Amino acid sequence: MFGRSRSWVGGGHGKAARSIHSLDHLKYMYHVLTKNTTVTDHNRNLLVETIRSITEILIWGDQNDSSVFDFFLEKNMFVFFLNILRQKSGRYVCVQLLQTLNILFENISHETSLYYLLSNNYVNSIIVHKFDFSDEEIMAYYISFLKTLSLKLNNHTVHFFYNEHTNDFALYTEAIKFFNHPESMVRIAVRTITLNVYKVDNQPMLHYIRDKTAVPYFSNLVWFIGSHVIELDNCVQTDEEHRNRGKLSDLVAEHLDHLHYLNDILIINCEFLNDVLTDHLLNRLFLPLYVYSLVNQDKGGERPKISLQVSLYLLSQVFLIIHYAPLVNSLAEVILNGDLSVFSSKVEQDVQENSAKSSIRCFIKPTETLERSLEINKQKGKKKVLKRPNYKNIGEEDEEERGSEDNQDDLDKAKGTEASSKGIRTCSENEEIEMVIMERCKLSELSISAVTEQNTTDEEKSAAASGSEITNWNRPFLDMVYNALDCAEDDYYALFVLCLLYAMSHNKGIDPVKLERIQLPAQHAEERNSYNHVLAEGLIRIMNYAAQPDGKIRLATLELGCLLLKQLVFSKNGSLIKDIHLACLEGAREESVHLLRRFYKGEEIFLDMFEDEYRSMTIKPMNVEYLMMDASILLPPTGTPLTGIDFVKRLPCGDVERTRRAIRVFFMLRSLSLHLRNEPETQLPLTREEDLIKTDDVLDLNNSDLIACTVITKDGGQVQRFLAVDIYQMSLVEPDVARLGWGVVKFAGLLQDMQVTGVEDDSRGLNIIIHKPASSPHSKPFPILQATFIFSDHIRCIIAKQRLAKGRIQARRMKMQRIAALLDLPVQPSTEVVMGFGHSSATTAQHLPFRFYDQSRRGSSDPTVQRSVFASVDKVPGFAVAQCINQHNPSPLSSPSPSSGSGSTGRCDSVTASSTSTPSTAQSPSVSFPCFIVKTFV
């Protein structure tokens, strides 16, 4: 729709092409225009090409020859463009003229040239010209033309568009008429134009916008947004089967665009515009439609309503996107401390008695369309019909206007008298617009402060936050929040409530004092000594439900609950959680352990799922902003992957997904438990990147078994390498030229992610593929090594294949034993000797489940720690490593997994441990250690 028909600016090469960029050629074009003042079918194409050529010359002259614009202005050539438009010469000429004008203003860079073009008011005449806007192409080029002009606005150029004497601003008023155009690109362009206008710091122009256009534009905009919200709610109500998700996603995206646009206006920080917009949003949209629907789900009333889940969802988006303090503070005050009287206040009743209009806090359609309102204002020159009951007579100095609005003044006076009699003044003296909602906020603050400022205990503060001790104060919206945390059946509403609490606590505009009244700490709250027990218990109940075998809690709900609980019970001095709540949380963690035990299997897939889920949870933590952009969570929770909904946002389907869910629940509750007890995580992940051998590490390979091979990569390259097998990795090394017996690692990969197959026509070769661990269970495995290994003979090929295959088995087995230890399952270590990793029967009972690389693999920074044969600093090969590790870790409960070293196909040697090292070793004088030394094949 917005594409250009063809590229013509700067076309052609050679002498002829260069000659058209000159003042002489412009004079010739002027001569053509003077000879063709009337558009006919015969000269239509000639005129279009002439206009194109003139535009091309003007762009060239802007950069090269200022005399071009002198001639253009002297001959008043812009009037020809306007005359062509006024002849109603047809669609083709209009489109081409708008296109060339758009290109012209886009490419003008010098201010002087721009002033030439904007002089004589011809541009404004083109703006107000009556085009055929039913034509999509004309509409597209027209709105693009307006947007291009708005990008040129500044304190100097605004005077070419805004006429202070006639109070006319065609660029702005003509653009906002398309704010509700069916085409989304047109609506986006209108928003861009208005933002460009609001950013210009010209007070007369801004006062004109406030006095003549702000109320009609914002009232119609609010009604347009609310109509979309009702349409969105109807889509949710009628799409329980997930058949209309495309339309729902479009409606949610449109609402997000509206909120971002409103926020963009507010952050420009034009005070009087923000006052008008805030008043409209609160009293015409957020309070009467969003907040009112939280506790009034009876569809039979006069007020329009939306469903509870949609209301919570949209309010969460509001707090996540908008951070304008007066708006979000007023909205949060009503939700956390308000009651239904906010919709039937004394002020509002007075207004209703004295005015034919409906209640201020009601979602109603404006009495006039925007176009009609702007026309009335233009004719009368003063804001009269569109005055709202809660506004002062802003910008009105004419006594005749005031005389016609005595009734309105009486209403304002009555409202001001009532507010002053209560001792409540919501706005400072220099503010021009009163906001009725602020009066209600002040009343709430006074009522709550009488309770919170007393000398109370922590338990009384928590009770006050829950509202249980305030018999004379009804907070239905806050009660709804607490009640929605009950997830006995499902977490449909709980997820939205958690998102709302999270958004409010992370909103930079909300006063932390308002949140502290319900003991909900802000993101960077001050030091405190208590927390909201009712909210904490609701969150812990969610975790208990999630750990049940038949729990209906989605992973997104659980993760968000964990985030909120951490924020709730932590202060600068550490955790504030009480023992009873910590005990309940530990009970939920134990339930998650028992749940995961049901799915623990010795199959390979369980280990892969375990590590994949931990990796996914670590790499991609929850982003609440992205979560609230997903329209699918508005629909009832489903358990089928056929809907395409992300796994964390739906219920599991089948044993595989139930296993994944149990693993995630275990990880979340384990992490939360350790965090609240201020204990570090020592067991996860099973594979720590800092403990693995990496490329370019220098290793001591003395007495290690190395098998020479030729590595043929997929692209045909050949390199000579030595193959070495560690307990968890295989490595390709080349000799270090600096030190004899040392090698430099050129590749290292995990044995558990390796596939080994023979080469059909060569008994000396192996095809080896090592995949990179996937970032998600659904991602395609990415091979980090895919090559053919050629050995000297078939014997060495068989030995290498056996070593790699058994090494993979042993690596996976050891990790499965570590998982079993995490789940407190009994482990029977295998006595089978695989690559020299077996144990003698005398020590089987003493060696508990393998622990991952301990401090022996933590690097060279610790002088007390000895590294294994695959180390980058130490020269401690073979048995010295094993003996050193045993001396540093005498207790079987903390014994590390075998240190790195090359695999072995030979026998296992044993060393005699010191009988005085530990009591356990004293009972067993002969201990068999894993052996990593393999005889070298010559």
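**Close-up views of a predicted model**

**View 1. Buried residues of helix α7.** In helix α7 (residues 111-118), the residues Ser 113, Leu 114, Leu 117 and Leu 118 are buried, buried meaning under 20% relative accessible area, exposed over 50% and partly exposed in between (1.4 Å probe, protein chains only). They lie on the same side of α7 because they cover an arc of only 130 degrees around the axis, the arc being that of the directions from the helix axis to the C-beta atoms. Their cover includes α3 (44-64), α4 (67-74), α5 (78-86), α6 and α8 (122-127). Just after α7, Asn 120 adopts a positive phi of about 70 degrees. Helices (H or I, at least four residues) and strands (E, at least two) are DSSP runs numbered from the N terminus. This is a predicted model, in which local features need pLDDT of at least 70 and side-chain atom pairs count only at pLDDT 80 or more, while totals for chains, interfaces and linings use all residues. Residues are numbered from 1 along each chain as its sequence is written, and side-chain values use heavy atoms, with hydrogens and water left out.

View 2. Phe 78 belongs to helix α5 and counts as buried, at 3% relative accessibility. Leaving aside neighbours within four places in sequence, Phe 78 is in contact (heavy atoms within 4.5 Å) with Phe 72, Leu 101, Phe 105, Leu 117, Tyr 122, Val 123 and Ile 126. The C-alpha atoms of Phe 78 and Val 123 are separated by 8.6 Å, although these residues are 45 residues apart along the chain.

**View 3. Thr 100 in helix α6.** Thr 100 is found in helix α6 (residues 91-107). With a relative accessibility of 1%, Thr 100 counts as buried. The side chain of Thr 100 reaches the backbone oxygen of Leu 97 at 2.8 Å.

**View 4. An open antiparallel sheet.** Eight strands form an open sheet in the order β5-β9-β8-β7-β6-β12-β11-β10, with antiparallel pairing; two strands pair if DSSP finds at least two bridges between them. At the edges stand β5 (698-700) and β10 (754-759), each with a single partner strand, so one side of each is left without a neighbour in the sheet. Neighbouring strands of this sheet are turned by 40 degrees against each other on average, direction ignored; axes are lines fitted to C-alpha atoms, for helices over the stretch in contact, and angles run from 0 to 180 degrees between N-to-C directions.

**View 5. Strands β8 and β9.** Strand β8 (residues 729-735) and strand β9 (residues 742-750) run antiparallel and are joined by 7 bridges. Gln 729 has Leu 750 as its bridge partner in β9.

Key: Polar contact = N/O pair within 3.5 Å; in protein donor to acceptor, adjacent residues only side chain to side chain.
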